[in-house]
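Hi everyone, thanks for making time. I'd like to walk you through one structure today, so let's get it up on the screen.

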Amino acid sequence: MHRSKIVAGNWKMNKTLNEGIDFIKILKESIPELRITKAIVGMPFIHLASAGPYLNGSFSIAAQNCHHEAQGAYTGEISASMIQSAGAEYVILGHSERRQYFKEDDDLILKKVKAVLSHSLTPIFCCGEPLDIREDDTHIQYVNKQLENSIFHLSNEEIQKVIIAYEPIWAIGTGKTASSAQAQEMHKEIRLSLADNFTLAIANEIKILYGGSCTPANAADLFSQKDVDGGLIGGASLKTNDFLELIRIAEASI
Ligand code: PGA
């Protein structure tokens, strides 16, 4: 099965507007058009509208969250239609930092996924286990439960539009990466579960990204795994050289 690669950056709460736009300009100048890889930059909401004009077919922008309601009295929140109107095509949802610090649960994340899909945006749905679960060797069951409780409630048509990011929490921002064998094991399990819950053809189409201390030093190994379709990159997406190198590695790893 041949799936193209995605390198998605997640800036989290980093970069002022000027810093963000400078980064995007460098990105665009350095790699004008990608052959086979899609590069996505997940940036703070307020950067989206300004970044849009600098992007091209190979590059897209993503928001990092979204409110599940269409509109209304939700002070300080941002809706899917607002994100879409600002030029983003993707929304990162269910990131472990949202789950941990903002108490987002599987139910709420499912609502957000549906809101995003209903505005023709692509959700990048994050899942992944904490360290104690990995040490208990119950990580596969844990991640399957996250999927069952949320995106496995989607229809066949809806699930095909979702990108999944497997991000073991113990690897996020810690410098401790899952080995390529650990990543491949989980990605394969996720794909098997997708085949069980939907169809084999759907499971083979869905992109599953790895996230967690992915850098130019380990990306070639990770991206060459059969079921790893690229990465969701935090720390290394903040540095233009690293991010560009990750894109080059993805292009070379097809
Ligand atoms: P990291 O973050 O690459 O800094 O580990 C990944 C993420 O949180 O998406």
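Predicted model: local features only at pLDDT ≥ 70, side-chain atom pairs only at ≥ 80, totals over all residues.

Okay, the ligand. How many residues surround the ligand? There are 13, and the closest are Lys12, His95, Glu167, Gly173 and Ser213.

Let's look at a few contacts. On Lys12, a side-chain N or O atom sits 2.7 Å from an oxygen atom of the ligand. With Gly234, it's a polar backbone atom, and the distance to a ligand oxygen is 2.8 Å.

Next, the barrel. Here 8 strands close up in the order S1-S2-S3-S4-S5-S6-S7-S8, and the pairing is parallel. From one strand to the next, the twist averages 25 degrees. If you're new to this, strands of a sheet pair through backbone hydrogen bonds, either parallel or antiparallel.

Where does S1 meet S8? Those two run parallel and are joined by 4 bridges, with S8 covering residues 230-233. If you want to find one of these on the screen, look for Gly9, whose bridge partner in S8 is Ile233.

Most residues other than glycine have a negative phi. Lys15 isn't a glycine, yet its phi is positive, about 80 degrees. You'll find Lys15 in the loop between strand S1 (6-10) and helix H1 (17-30).

Ser120 is the other one: also not a glycine, with a positive phi near 60 degrees. Ser120 sits in the loop between helix H5 (106-117) and strand S5 (122-127).

So, are these two buried or exposed? Exposed takes over 50% relative accessible area, and buried takes under 20%. Ser120 has 66%, so Ser120 counts as exposed. Lys15 has 22%, so Lys15 lands in between, as partly exposed.

That's my tour. Questions are welcome!

Conventions:
Residues numbered from 1 in each chain as written. Heavy atoms only, no water. Near = heavy atom within 4 Å. Polar contact = N/O pair within 3.5 Å; in protein donor to acceptor, adjacent residues only side chain to side chain. Buried < 20%, exposed > 50% of the residue type's maximum accessible area, 1.4 Å probe, protein only. Pairing = 2+ DSSP bridges. Axes fitted to C-alpha atoms, helices over the stretch in contact; angles between N-to-C directions.
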